[in-house]
Protein chains: 2
Amino acid sequence: MRRFIIVGHKTPTAADFKLDDMAGGAGRLDVLLRCVNSAFFLSHSIRKDVEVYLVLQGPPHPPRTVRFYGPEMRYLNPDERSTGALVRNALLKQSKVEARSSPGVYVRDIGLREVIASLPAECQVVYLKEDGLPLESLVKGEDMAFVLSDHMDLSDAEEAVLKERANGTISLGPTSYHADHCITIVNHRLDML
Amino acid sequence: MRRFIIVGHKTPTAADFKLDDMAGGAGRLDVLLRCVNSAFFLSHSIRKDVEVYLVLQGPPHPPRTVRFYGPEMRYLNPDERSTGALVRNALLKQSKVEARSSPGVYVRDIGLREVIASLPAECQVVYLKEDGLPLESLVKGEDMAFVLSDHMDLSDAEEAVLKERANGTISLGPTSYHADHCITIVNHRLDML
């Protein structure tokens, strides 16, 4: 499985945002929606071996995590608006145990620490950050999880949680990219290995 | 200048589409909007050395081309909806000569042939297609234009127009990607050269 975990620092944890204002009132949910697109979409299909965790840390009930699970995924379209509707539907549910909101979409009231703890022991966890090793040092694995942040950096506390478990840090070069672009670049690199 | 030319085969050439339905009623305009995002956005800035041509071939008045010009660009945001509004504003103007609809956004009633003919003589034109040379053979140039299609392939007639001028064809590998993802991959590759 190829996994992408993206932290949305200001993204709301309730379903009361407008689909017309996801870049403004919805705490840059638009960034996370483009990450879902980049993770899953191929030209005329979606990647079944991908899983995406959106870790939402905005008001009113942080943290909550929406999980997109490739093998079961249905009703996923490439545009931001329709994926925003899937996230909004997921946020209507509130649950300490994971609840399914639509085929392949799950929600649970957990944060980054619990998401990372839930990964299989054999999963290689990779932090994507400007000061990491070159992309060329990335070796393909059977089970890999890439951790990224939205338009804000991970906090020191989040970095500490991640570094307890991360197998390495990879950089995409001297230029700093949007999270969704990073996912596209990583997917392409792994496709070419 | 780094240029991206994207052909939207069904994208409307009038401003009467809804911003709430760009993936449906607007002939997959959403694909082209994500291309604009991929071409321009860096983590906390936009690329000033980029130019994007959206060649629109849908009803009612094809072809029309909306041009995004990096050095003058303002009011460009990464979400699909706000870029869709810029395209809609551009399509309100109808002009045989190029008209400016907002800072850095221009519209003209021309198609792929005229767009390619308008490129400077020194510009290297590259066709991005599955059966091209490996991405590693791409050499950075001062002035490059990459031609891509939306969710449909270029027609034989469009390919013929392009091949009269193209300096080469580059492939991103055996996997077929969305146009916006191709742009992200090319931008990253050029950034690393």
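**View 1. The loop between β4 and β5 of chain B holds Pro63(B).** In this predicted model, Pro63(B) is joined to Pro62(B) by a cis peptide bond, with an omega of about -10 degrees. Pro60(B) is found in the loop between β4 and β5 of chain B as well, and a cis peptide bond with an omega of about 5 degrees joins Pro59(B) and Pro60(B). As background for reading this view, most peptide bonds are trans.

**View 2. Gly58(B) lies in the loop between β4 (50-56) and β5 (64-69) of chain B.** Gly58(B) counts as buried because it has 20 C-beta neighbours inside 10 Å, and a residue with 20 or more such neighbours is called buried. Leaving aside its neighbours within four places in sequence, Gly58(B) is in contact with Gly8(B), Lys10(B), Thr11(B), Pro12(B), Thr13(B) and Gly27(B). Tyr106(B) is 48 residues away from Gly58(B) along the chain, and the C-alpha atoms of these two residues are separated by 18 Å.

**View 3. Tyr75 has a positive phi in chain A and in chain B.** In chain A, Tyr75(A) is found in the loop between β3 and α2, and its phi is about 65 degrees although it is not a glycine. In chain B, Tyr75(B) is found in the loop between β5 and α2 (80-91), and its phi is near 60 degrees. Most residues other than glycine have a negative phi. Tyr75(A) counts as partly exposed because it has 13 C-beta neighbours inside 10 Å, and Tyr75(B) is also partly exposed, with 13 other C-beta atoms within 10 Å.

**View 4. Helix α1(A) is mostly covered, with 12 of its 12 residues buried.** The buried residues of this helix include Leu29(A), Val31(A), Leu32(A), Leu33(A), Val36(A) and Phe40(A), and also Asp30(A) and Arg34(A). What covers the buried residues of α1(A) includes β1 (2-8), β2 (50-56), β3 (64-69), α2 and α5 of chain A, together with α5 (179-192) of chain B. At 1.5 Å a residue, the 12 residues of α1(A) should span 16 Å, and the end C-alpha atoms of the helix are 17 Å apart, which agrees.

**View 5. The contact between the chains takes 26 residues from chain A and 26 residues from chain B.** On the side of chain A that touches chain B, α1 (29-40), α2 (80-91) and α5 (179-192) of chain A each supply at least two residues, and α5(A) gives the most, with 6 residues. The residues of this side of chain A divide into 9 nonpolar, 11 polar and 6 charged.

**View 6. A rotation of 180 degrees, with 0.0 Å of shift along its axis, superposes chain A on chain B.** The RMSD of this superposition is 0.0 Å, and the two copies are therefore related as by a two-fold rotation axis. Of the residues of chain A, Ile185(A) comes closest to the rotation axis, at 2.9 Å for its C-alpha atom. The same surface serves both copies, since 100% of the contact residues of chain A recur in chain B.

**View 7. In chain A, 8 strands form an open sheet with mixed pairing.** The order of the strands is β4-β5-β3-β2-β1-β7-β6-β8, and the edge strands are β4 (99-102) and β8 (168-171), each of which pairs on one side only. From one strand to the next, the twist averages 30 degrees. Strands of a sheet pair through backbone hydrogen bonds, either parallel or antiparallel. Strand β6 (residues 124-134) and strand β7 (residues 144-149) of chain A pair in the parallel sense over 4 bridges; here the bridge partner of Val126(A) is Phe146(A), and Gln124(A) stands opposite Met144(A). Strand β6(A) also pairs with β8(A) in the parallel sense, over 5 bridges, and in this pairing Tyr127(A) stands opposite Thr169(A).

**View 8. In chain B, an open sheet of 8 strands has the order β6-β7-β5-β4-β1-β9-β8-β10, with mixed pairing.** The edge strands are β6 (99-102) and β10 (168-171) of chain B, each pairing on one side only, and neighbouring strands of this sheet are turned by 30 degrees against each other on average, direction ignored. Strand β1 (residues 2-8) and strand β9 (residues 144-149) of chain B pair in the parallel sense over 6 bridges, and the bridge partner of Phe4(B) in β9(B) is Phe146(B).

Definitions and conventions: Residues numbered from 1 in each chain as written. Chains lettered and ligands numbered in written order. Predicted model: local features only at pLDDT ≥ 70, side-chain atom pairs only at ≥ 80, totals over all residues. Contact = placed C-beta atoms within 7 Å. Nonpolar A, V, L, I, M, F, W, Y, C, P; charged D, E, K, R; others polar. Expected span 1.5 Å × (residues − 1). Least-squares fit on C-alpha atoms with pLDDT ≥ 70 in both. Pairing = 2+ DSSP bridges. Axes fitted to C-alpha atoms, helices over the stretch in contact; angles between N-to-C directions.
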